[in-house]
Amino acid sequence: MTRDTGCVKTGATRVTFGMRLGTIMLDVTAIRRDFPILSQLHHDGVPLVYLDNAATSQKPEAVIRAIENYYRDYNANIHRGIHKLAEEATAAYEGARERVRAFINAASSREIVFTRNTTEAINLVAYTWGRVNIRAGDVIVLTEMEHHSNLVPWHMLAAETGAHLEFIPVTDDGYLDLGAFDRLLELHPRLVAFTHMSNVLGTINPAAEMVARAHAAGAVVLVDGAQSVPHLPVDVRALDCDFLAFSGHKMCGPTGIGVLYGKRALLEAMPPFLGGGDMIKRVYLREFRPNDLPWKFEAGTPAIAEGIGLGAAVDYLTGLGMAEVHAHEQAIVSYALDRLHEIKGAHVYGPPARDRGGVAAFSIDGIHPHDLAQLLDRDGIAIRAGHHCAMPLHDRLGLVATARASFYVYNTEEEVDRLILSLYRAMDLFGV
Ligand SMILES: Cc1ncc(COP(=O)(O)O)c(C=O)c1O
């Protein structure tokens with residue numbers, strides 16, 4: 001039995017024709033009604049303005065309901081049971097895997113491994129593929145704009161194996177230096193791993209072009225899709241990447257569930273990650289035979305409710321259309337950049353709106369980003385301040401911290417106006 005995990009009604013209620021971009025735009029008023037948390041009032045009764053979406057997104061009713069339905073109506077462990085509830089739960093969980101496959105256009109659901117998050121997905125590759133394929137002296141190419149999740153696993157692997165890490169530099173305007181990338185490819189790296197979209201600069205990297213160049217040099221390529229899969233159409237067959245990692249909680253889904261996509265031949269050749277129940281076909285006292293893909297990499301009872309919730313999130317985003325999601329965020333970030341640039345003493349980092357997703361990291365002379373975030377919170381505005389798990393990028397920019405506003409399908413220009421007004425109030429308070 002396949003469960004209805006709460007697909008949204010698509011079409012007229014969510015999508016309208018917008019003049020601004022000359023393209024189809026989202027009906028944000030209708031979308032906002034799907035997210036219960038957005039009707040919350042904060043201090044002094046002001047409505048919440050949630051601009052911390054790069055950290056985690058809010059969840060629509062359909063996702064909350066899908067999780068609740070599982071616990072209320074068919075809670076059971078999966079794969080092993082022969083009773084009705086176990087069959088229903090297994091069908092819903094495996095149905096979610098199929099939804100994720102279709103969402104990123106993978107060739108087979110065997111290529112979709114459920115993990116806890118992006119971080120675990122990247123670690124899985126480092127521990128399994130990495131420990132079999134990386135030797136002393138091998139080169140791994142990363143970039144200066146990586147999240148710590150796509151740095152530290154490779155630091156650990158390099159320390160263990162004697163491999164060398166090399167980095168594609170970031171230019172002053174927030175792009176990857178592709179000329180330098182070509183020179184690094186002359187070292188014939190074993191692996192190239194880079195983020196599709198920066199969680200600080202917002203830069204959308206030319207992933208397909210980079211994968212093609214890396215493959216021509218003989219490298220395996222891992223793409224960190226934590227910020228791209230939730231926000232733009234991502235097609236793994238068009239990208240031709242070997243691995244793609246992303247997290248459910250940044251794309252309207254619950255925490256505790258993420259995805260590793262891997263090309264089947266590579267996944268087949270990799271040893272298992274964690275050992276235990278579910279990841280085996282046969283166990284003897286002194287040995288075991290691993291299970292088929294993808295279960296070979298999913299030891300123990302998985303995050304069942306969370307997987308089902310992710311399936312509902314994928315349905316929700318599919319209903320909106322990822323091209324429309326991306327167009328909406330580019331319109332919002334473009335407006336936000338224009339408004340931020342009007343502020344005297346404000347510095348915005350990263351490329352122009354046309355080359356970025358819905359992320360704007362900035363600073364204001366004379367106010368520490370943490371103070372900014374705290375003052376904005378008093379006005380009901382949630383932004384993030386700090387290094388955003390990208391310390392080396394902040395080193396490169398000569399900064400200790402930045403403030404970051406990040407947008408999603410439910411954010412509006414009016415919310416950007418409230419952000420700007422609140423920034424002016426903070427500046428008044430600091431006398432800058
Ligand atoms: C680009 C990028 N990679 C990886 C991660 C790690 O995601 P998670 O904490 O869900 O594993 C993040 C989270 O912010 C991110 O922005």
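Student: Which residue forms a salt bridge with E144, and how far apart are the closest N and O atoms?

Tutor: A salt bridge is a side-chain nitrogen of Lys or Arg within 4 Å of a carboxyl oxygen of Asp or Glu. Here E144 is paired in this way with R396, and the closest N and O atoms are 3.6 Å apart. Please keep in mind that this is a predicted model, in which local features need pLDDT of at least 70, side-chain atom pairs count only at pLDDT 80 or more, and totals for chains, interfaces and linings use all residues. Residues are numbered from 1 along each chain as its sequence is written, and side-chain values use heavy atoms, with hydrogens and water left out.

Student: How many salt bridges does a search of the whole structure find?

Tutor: The search finds 24 salt bridges. One of them joins E88 to K84, with the closest N and O atoms 2.7 Å apart. Both E88 and K84 belong to helix α3 (residues 84–104), where they sit four residues apart, about one turn of the helix; helices (H or I, at least four residues) and strands (E, at least two) are DSSP runs, numbered from the N terminus.

Student: Into which domains is the chain divided?

Tutor: Domain bounds come from an automatic or database domain assignment. In this chain, domain 1 covers 7–60 + 321–430, while domain 2 covers 64–319. Contact means heavy atoms within 4.5 Å, and 45 residues from domain 1 and 39 residues from domain 2 take part in it.

Student: How much area do domain 1 and domain 2 bury between them?

Tutor: Buried area is the accessible area (1.4 Å probe) that two parts lose on being put together, summed over both. For domain 1 and domain 2 the value is about 3400 Å², with 59% of it on carbon and sulfur atoms. M322, L393 and R396 supply 19% of the area that domain 1 buries against domain 2, more than any other three residues.

Student: Which residues are the closest to the ligand?

Tutor: A residue is near a molecule or strand if one of its heavy atoms lies within 4 Å of it. In this model 14 residues surround the ligand, and the closest are T119, D224, Q227, S247 and K250. A polar side-chain atom of D224 is found 2.6 Å from a nitrogen atom of the ligand. For Q227, an N or O atom in the side chain is 2.7 Å from an oxygen atom of the ligand, and for K250 a polar side-chain atom lies 2.6 Å from a ligand oxygen atom.

Note on methods. A polar contact is a pair of N or O atoms within 3.5 Å; within protein, one must be able to donate a hydrogen and the other to accept it, and residues adjacent in sequence count only if both atoms are side-chain atoms.
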